[in-house]
Each structure stands twice: as C-alpha cells, then as structure tokens.
Amino acid sequence: MANNNQSFGKKILSIIKAVFKFLLLMFLSSVIIVFLLRWINPVTSSIMIQRQIESIFSGEFDYIKYSWVDYDDCSPYLPIAFVAAEDQNFPDHFGFDVREIKKALKQYERGRRIRGASTITQQVAKNLFLWEGKSFIRKGIEAYFTVLIELLWDKKRILEVYMNIAEFGNMIFGVKMASLAYYNKLPAKVSPAQAALLAAVLPNPLRYSVVRPSGYVRGRQSWILKQINSLGGPEYLKEL
C-alpha cells in the first residue's frame with residue numbers, strides 16, 4: 001500500500017514538473033517573440049490566419065491583402081484618427097484605460113449593454129496573437145500580452161503595428177492596403193476625412209463599409225474629425 005502511495009505521489013510530482021516546464025517554455029517563448037517584434041515587422045497575425053482559413057472552408061479561396069508600411073510613411077492624420085476613435089488616452093496609460101473600464105462597468109450596472117473598453121495595445125495583443133471570442137481564458141491571455149507589449153515596445157511601435165494589422169474590410173488588412181483599395185493612394189496621401197472614415201469602420205469592418213458608408217459611419221466619421229481637433233491634431237502624438 002505504501003509503495004502504491006509513493007508511486008502515485010511520484011506520478012503527481014512528475015506531472016507538476018512537466019506542467020511547470022511547459023508553462024516556463026511558453027513564458028520564455030512569448031517574451032522572446034514579443035521582444036523580437038519590436039524590430040521585426042510581423043508577416044501575418046492570428047486574425048489574418050483565421051480569415052484565410054474561413055475563406056478556404058467557405059469555398060471562396062480569397063487571399064489576404066496585406067502589406068507593411070512604416071509609421072513615418074503614413075499621413076500624420078492616420079495615427080491620430082485611430083487614437084481619437086479608439087483610445088484617446090493611449091499616450092498616457094499602461095495598456096489598460098482604467099477610466100474607460102469604470103465607465104463601461106457603470107453602464108453594465110445600470111442594465112445597459114456593456115460597451116467595449118479595449119485599448120489600442122489590447123487590440124494589438126488580440127489581433128496579433130489570439131483567437132476571436134470573449135472567454136475569460138482569452139481575456140486573461142490578452143491581458144498578459146498587453147502587459148508584455150507595453151513593457152517591451154514603445155508607444156510609437158504599438159501604434160505602428162496596430163495600423164498595419166487592423167482589419168478594414170473583407171480580407172483587407174493594414175492602412176496601406178486599405179488606402180490603395182479604397183482611395184487608390186498611398187497612406188502618406190490620405191486626407192483627414194479619409195483617415196477618419198477608415199477609423200470609423202473599425203468597430204466592425206466586416207459590417208461597416210468605407211465604400212458605401214452608412215449614416216452611422218458618416219456620423220462617426222464626423223465625430224472622429226471633431227475629436228482630432230479637440231485633441232490638438234497630429235501634434236497630440238508628437239511625443240510618442
């Protein structure tokens with residue numbers, strides 16, 4: 001009986017050691033990958049891979065349209081449009097906007113539908129590394145990558161990656177392909193109104209259209225332009 005207990009104890013200990021080694025390997029791998037991506041531009045993202053798989057299984061066999069563009073090769077109105085639309089406290093927070101989270105929780109307590117409070121850094125973590133969904137496990141991993149990105153990248157790099165991997169329509173990713181597809185121009189030539197329109201569809205780029213903007217999208221575009229002016233324009237991000 002004692003031998004059986006010892007054998008069982010050894011098995012449990014070996015399992016614990018194996019789990020610990022696996023978690024340590026995952027931790028070190030994630031740190032190395034995020035660290036390298038501070039300088040190496042990602043060739044794809046988890047959301048792009050998901051969309052490509054969906055296209056294949058649906059029988060459409062369409063291909064992802066994605067091409068990298070450096071931050072400094074973009075119109076200065078592109079980054080400020082996304083910050084104005086998605087995360088106005090981006091320069092100041094550490095990946096999590098506590099004020100927006102509190103506002104969202106208050107709305108939930110009042111019985112209203114909880115609104116999104118994800119920062120640009122959280123969206124980068126989700127789009128670059130994770131799958132779609134709202135499970136607590138996914139949100140926990142998202143929070144981990146958010147902290148890691150904020151620790152290892154500067155704000156300019158975070159915004160640069162965000163602009164390049166954001167989804168702007170069916171199989172269209174990044175501001176370069178969006179600018180070419182919708183405006184037939186490079187990102188450097190995008191006007192303030194065009195930048196605001198791209199930002200306006202971001203809550204749901206598969207539902208909202210840049211080509212045929214609904215009244216809601218036009219209203220959101222106007223609001224974003226006002227927010228850009230309220231923040232002080234591109235100068236708001238000059239310290240990134």
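In this predicted model, the side chains of Glu167 and Arg51 meet in a salt bridge, with 2.7 Å from N to O. The two partners come from distant parts of the chain: Glu167 belongs to strand 2 (residues 167–169), Arg51 belongs to helix 2 (residues 46–58), and 116 residues separate them. Glu167 counts as buried because its relative accessibility is 11%, and Arg51 counts as buried at 9%. Side chains of opposite charge can pair when their charged atoms come close.

A search of the whole structure finds twelve salt bridges. Another of them joins Lys155 and Glu150, at 3.0 Å from N to O. Lys155 is buried, with a relative accessible area of 14%, and Glu150 is buried as well, at 8% relative accessibility. The pair formed by Glu235 and Lys238 has its closest N and O atoms 3.6 Å apart. Here Glu235 is exposed, with a relative accessible area of 52%, and Lys238 is exposed too, at 56%. Elsewhere, salt bridges with shared partners connect Arg51, Glu54, Glu132 and Glu167 into one network.

Ser55 is also placed in helix 2. Its relative accessible area is 4%, so Ser55 is buried. Which residues does Ser55 contact, leaving aside its neighbours within four places in sequence? They are Glu60, Phe61, Asp62 and Met171. Two of these contacts, Phe61 and Met171, deserve a separate look. Phe61 lies in the loop between helix 2 and strand 1 (65–66), and its phi is near 55°, a positive value in a residue other than glycine. Met171 sits in the loop between strand 2 and strand 3 (172–173). Phi of Met171 is near 70°, again a positive value in a residue other than glycine. As for cover, Phe61 counts as exposed at 53% relative accessibility, whereas Met171 counts as buried at 4%.

Next comes the loop between helix 9 (192–200) and helix 10 (215–231), where Val201 is found. Is Val201 buried or exposed? Val201 counts as buried, because its relative accessibility is 0%. Not counting residues up to four places away in sequence, Val201 touches Phe168, Tyr208, Ser209, Val210 and Val217. Val201 and Gly169 are 32 residues apart in sequence, and their C-alpha atoms are 8.5 Å apart in space.

Helix 5 (residues 120–129) is mostly covered, with eight of its ten residues buried. The buried residues are Ile120, Thr121, Gln122, Gln123, Val124, Ala125, Asn127 and Leu128. What do the buried residues of helix 5 pack against? Their packing partners are helix 2, helix 3 (77–86), helix 6 (136–152) and helix 7 (155–165).

The domain assignment divides the protein into domain 1 (1–40) and domain 2 (41–237). Ten residues from domain 1 and twelve residues from domain 2 take part in the contact. Between them the two domains bury about 950 Å², and 66% of this area is on carbon and sulfur atoms. Which three residues supply more than any other three of the area that domain 1 buries against domain 2? Val34, Leu37 and Arg38 do, with 59% of that area. The count of salt bridges between domain 1 and domain 2 is one. Arg38, one of the three residues named above, forms a salt bridge with Asp154, the closest N and O atoms being 3.9 Å apart.

Phe20 is exposed, because its relative accessible area is 54%. An α-helix has 3.6 residues a turn, so residues three or four places apart point the same way.

How values were computed. Residues numbered from 1 in each chain as written. Predicted model: local features only at pLDDT ≥ 70, side-chain atom pairs only at ≥ 80, totals over all residues. Heavy atoms only, no water. Buried < 20%, exposed > 50% of the residue type's maximum accessible area, 1.4 Å probe, protein only. Salt bridge = Lys/Arg side-chain N within 4 Å of Asp/Glu carboxyl O. Helix = DSSP H or I, 4+ residues; strand = E, 2+ residues; numbered from the N terminus. Domains from an automatic or database assignment. Contact = heavy atoms within 4.5 Å. Buried area = accessible area lost by both parts, 1.4 Å probe.
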